[in-house]
Amino acid sequence: MGEYEKEPLSPGQLQEGGQIVDHRDGQDVVIRVRGLRTQFGDQVVHDHLDFDVFRGEVCGLVGGSGSGKSVLLRTIIGLNHPRAGSIEILGTNTRGLHSNALLKLQRRWGVLFQDGALFSSLTVAENIMVPLREHAGLDEETLWEVAALKVAITGLSPDAACKTPSELSGGMRKRAALARALALDPELLFLDEPTAGLDPISAGHFDQLIRSLQKSLGLTVLMVTHDIDSLVSICDRIAVLLDKRVVVGTMDELLKYDHPWVKEYFHGPRGRAARKEQMAADGK
Amino acid sequence: MADAEPTLREAERAGQPVLEASGVWTVFSIRHVQRLAIRGERTGGIRRAGGVSEIDASKVGRLDTAGALEILTLAGAGPDTKVTAQEGAHADLFKLVQANMRTPEPDRPVSWLADALERIGYSWADAALHAVNLCEFFGEVVVTLVRAIFQPRRFRINAIVRQMFEVWLRALTIVGILCFLIGVVLAYQSVQQLRAFGAETFSVEAVAIAIGRELGVLLTAIIVAGRSGSAFTAQIGTMQVNLEVDAMRTMGLNPIEWLVLPRIMALTLSMPLLAFWGVIAGLLGGAFACSIYLDFTVAQFFERLRDTVGIWNFYTGMIKAPVFGFIIAAIGCYEGLQVTGSAESVGRLTTKSVVESIFFVIVIDAIFSIIFLFADV
């Protein structure tokens, strides 16, 4: 344990919630993580991790392979149990939450897993209807209408609704999984590598879809991603996992941030290309 | 207004029917409105009536897509209906839902005759395709086997040994116990029935012939089909789902040679060994039961066995064993390779593989009976 007691990042460097520059400004904090420590056996993944996500923003979560991005996401949604620290989502502390309260919370968020994690024995429409039927208790006709609406909103063709996940392409599976995540109209959306495995055009479309849905549905989005194009084009703020902790900032702040990994990531050829493209798009 | 019930009221403005929505319209609250709507209360019985030119949703509290959709559907409104809503989030939501809502098409009724014919047609086509595929698979196995005989290093001895450990050594306990119990039951029943004729000593023959000719090997085959045939299908099927089999093909590794042949070899070799073990356990069970019900010692049982029961009763069973092993392994592997895409398909084909291999084992057992009848053994 001893080795990890020392602070790898000087605490004075960061503002509350791991921010480089304080953006709180009276904003509603939807996810508040304080002093988080996750550990598997002897391997410490996160230590003294503070992290805030504000209402109505798209926050990207990046980090090198094995830095614990997915672990952080899984910990926030309650699939991993932290060793120490508190996680507060929508004002509720998730630690030791009893099942009813947890269920109430779970109905207010949607999760998109990396490969979709659609139920393989059900069709897309049935996948969307599972949470609706279980939690909202709607009648069959309304279930179908709502499912059809979600299918349309996520840009799937109507005939895709009656297909099973194995009959869909990778991009369509992601859209179907997004439709299922949106089934209960959550306030909070967790995305685990939403554009991984998609071609750049589909990835771009998917990013735009997430952005437009986020705006019209008023969602708060936390997305784990490797895709620097997504970060540049749709994320309001970016959280970087460094030395077991999170550093949050806007793209401009991170560009100025002095850390070898951050420099290599954002100033590398891919980072530069993505920013140039975005600037050109903004200029139009 | 925070938790007000969702309501829909008909009003008139400037001679035009206008619907006023108020309250909370979310996916969790709309089931209340449905009950009201079905009873025709408060909504004025206008469920899915159509013909409303304007909806006033400015008094709605919380709103989500399902709620917006419900308001529009209850009003019978379409994408073009004018909706007045609070500026910002609500207006955006209505726009999004109106752009994406579609009128569900009713299913076209299909006559039962056409339906039945379609189903029969499909099942015959499936069966034909299945038969062709099975022949193709057996052909491939035989070709690979012949090639392996000329190039013995293709036999993958390591894989065969590992499979034999699984399907032979690990099955010994269960096969032994079940056959022993069947031997006991068989001997007990024989003694009971034959005692009526004073011929209870013939129980030894009854047990020995039944176990040696049929039950020992058949019971073993059924256990092996349930435990190893299903395992083969599940293993290969999971590899198929993970695209491991495709990966093998692209690396120039023949899945028949790497996955199927070792399993078939292992089970073809293991089945006679297991069946022998089963027969011995069955006979011991018979001897045990006879020593209890018949005042026979175990030694007397085996003496009578040696004197009166022909050795061919044992050979006939043993001849069948490798054939059963081959059939079970081949069907298990074949069904595993038929898996496509999903986890559900693994489960379905595993069931199918067990049912099919037990079916074929019994069919082939019947064929053997006829052959042995003509061969007079």
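Biologist: Which residues touch the most other members of the largest nonpolar core?

Modeller: This is a predicted model, in which local features need pLDDT of at least 70 and side-chain atom pairs count only at pLDDT 80 or more, while totals for chains, interfaces and linings use all residues. Residues are numbered from 1 along each chain as its sequence is written, with chains lettered from A and ligands numbered from 1 in the order in which they are written. A nonpolar core is a set of buried Ala, Val, Leu, Ile, Met, Phe, Trp, Tyr and Cys residues joined through C-beta atoms within 7 Å, where buried denotes 20 or more other C-beta atoms within 10 Å of the residue's own, all placed from the backbone. The largest core holds 103 residues, and the members that touch the most others are A:Leu132, A:Val240 and B:Ile71.

Biologist: Which helix gives the most to this core?

Modeller: Helices are DSSP runs of H or I with at least four residues, numbered from the N terminus. With seven residues, the element giving the most to the core is helix 5 of chain A.

Biologist: Which helix of chain A gives the most to the side that touches chain B?

Modeller: The contact takes 23 residues from chain A and 26 residues from chain B. On the side of chain A, helix 4 (124-136), helix 5 (140-153) and helix 7 (200-217) each supply at least two residues. The one giving the most, with eight residues, is helix 5 of chain A.

Biologist: How are helix 6 and helix 9 of chain B oriented to each other?

Modeller: Their axes, lines fitted to C-alpha atoms over the stretch in contact, take angles from 0 to 180 degrees between N-to-C directions. Helix 6 (residues 172-195) and helix 9 (residues 255-293) of chain B come within 6 Å and cross at roughly 40 degrees. Angles under 35 degrees count as roughly parallel, over 145 as roughly antiparallel, 65 to 115 as roughly perpendicular and the rest as oblique. Helix 6 of chain B and helix 9 of chain B are therefore oblique.

Biologist: Which residues of helix 10 of chain B make the contact with helix 9 of chain B?

Modeller: The axes of helix 9 and helix 10 (residues 298-308) of chain B come within 8 Å and cross at roughly 120 degrees. Helix 9 of chain B contributes B:Ala287, B:Cys290 and B:Ser291. From helix 10 of chain B come B:Val298, B:Phe301 and B:Phe302.

Methods:
Two residues are in contact if their C-beta atoms, placed from the backbone, lie within 7 Å. A residue is buried if 20 or more other C-beta atoms lie within 10 Å of its own, exposed if 12 or fewer, and partly exposed in between; C-beta atoms are placed from the backbone.
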